[in-house]
Amino acid sequence: MSIQIIQSDITTLSVGAIVNAANSSLLGGGGVDGAIHRAAGPELVKECATIGGCPTGEARITGGYRLPAKRVIHTVGPVWQGGNHKEPELLASCYRNSLRLAEENGITSIAFPNISTGVYGYPKDKAAEVAIGTVADVLPSCKVVQDVYFVCFDAENFALYRRLLQEKQ
Ligand code: AR6
């Protein structure tokens, strides 16, 4: 069982599943969502269209198509509205529900982006606390998932995550 922090483009990772920070339509968008759809190819949006959307805080699983990752777990983070609109609970649900789906689908390694910290405006430090706190809480009870990667795209998130994880260990 391990939690690792890496600075990378999530679309390049050969893991059991990468997590997509999607919107509730599941039909694609900008940021990491756009990058994942571009790298996976048009079959991904076709499968997503059959799902019929996903509420904030929940997660859905699809194939990975042309990605090196076998599957994609799509989750919808909260839009930051000041912090009093259940944002921490909803963000924690994204991580928890994604891990649950991985467990149910026999996925041993999973990579998360920094959900909600781009277009959705969640403060990076607050989001990192929720992400690391939730995964550290849930992972010990996982029977299938062994390795969790937090994939930071920018140097600020990378430094934040490394510091927070060190504090936990
Ligand atoms: N690999 C890893 N991380 C990435 C990549 C990448 N290739 N590209 C961006 N990031 P965002 P959100 C980081 O905006 O805030 C979309 O339009 C980025 O630096 O992708 O949850 C959806 O369709 C940031 O730290 O997602 C939704 O409408 C993190 O990924 C909306 O954006 C998340 O930024 C979701 O917003």
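Author: **The ligand and its pocket**

The shell around the ligand splits into seven nonpolar, 11 polar and three charged residues (Ala, Val, Leu, Ile, Met, Phe, Trp, Tyr, Cys and Pro count as nonpolar, Asp, Glu, Lys and Arg as charged, the others, Gly among them, as polar). Keep in mind that this is a predicted model, where local features need pLDDT of at least 70, side-chain atom pairs need 80 or more, and totals for chains, interfaces and linings use all residues. Numbering runs from 1 along each chain as its sequence is written, and side-chain values use heavy atoms, with hydrogens and water left out.

Among the 21 residues around the ligand (a heavy atom within 4 Å), Asn 23, Gly 30, Val 32, Asp 33 and Val 119 come nearest. Helix H1, residues 31-40, supplies the largest share of that shell, four residues (a helix is a DSSP run of H or I, at least four residues, numbered from the N terminus).

Now the polar contacts (N or O pairs within 3.5 Å). A polar side-chain atom of Asp 9 is 2.9 Å from a ligand nitrogen. On the backbone side, a polar atom of Gly 30 lies 2.7 Å from a ligand oxygen, and one of Val 32 lies 2.8 Å from a ligand oxygen. The protein buries 90% of the 710 Å² that the ligand exposes when taken alone (Shrake-Rupley, 1.4 Å probe).

As for the space itself, the ligand takes up the largest pocket, with a volume of about 590 Å³. Of its 27 lining residues, Ala 21, Gly 31, Val 32, Asp 33 and Gly 118 are closest to the centre. H1 again gives the largest share, four residues. By class, the lining has 12 nonpolar, 11 polar and four charged residues.

Key: A polar contact is a pair of N or O atoms within 3.5 Å; within protein, one must be able to donate a hydrogen and the other to accept it, and residues adjacent in sequence count only if both atoms are side-chain atoms. On a 1 Å grid over the protein atoms alone, a cavity is a set of points where a 1.4 Å probe fits but cannot get out, and a pocket is an open set with protein on both sides within 12 Å along at least five of seven lines; lining residues have an atom within 4 Å of a point. A molecule sits in a cavity or pocket if more than half of its atoms lie within 2 Å of its grid points. Helices (H or I, at least four residues) and strands (E, at least two) are DSSP runs, numbered from the N terminus. Grid points are joined across faces, edges and corners, and a volume is the space filled by probe spheres set on the points.
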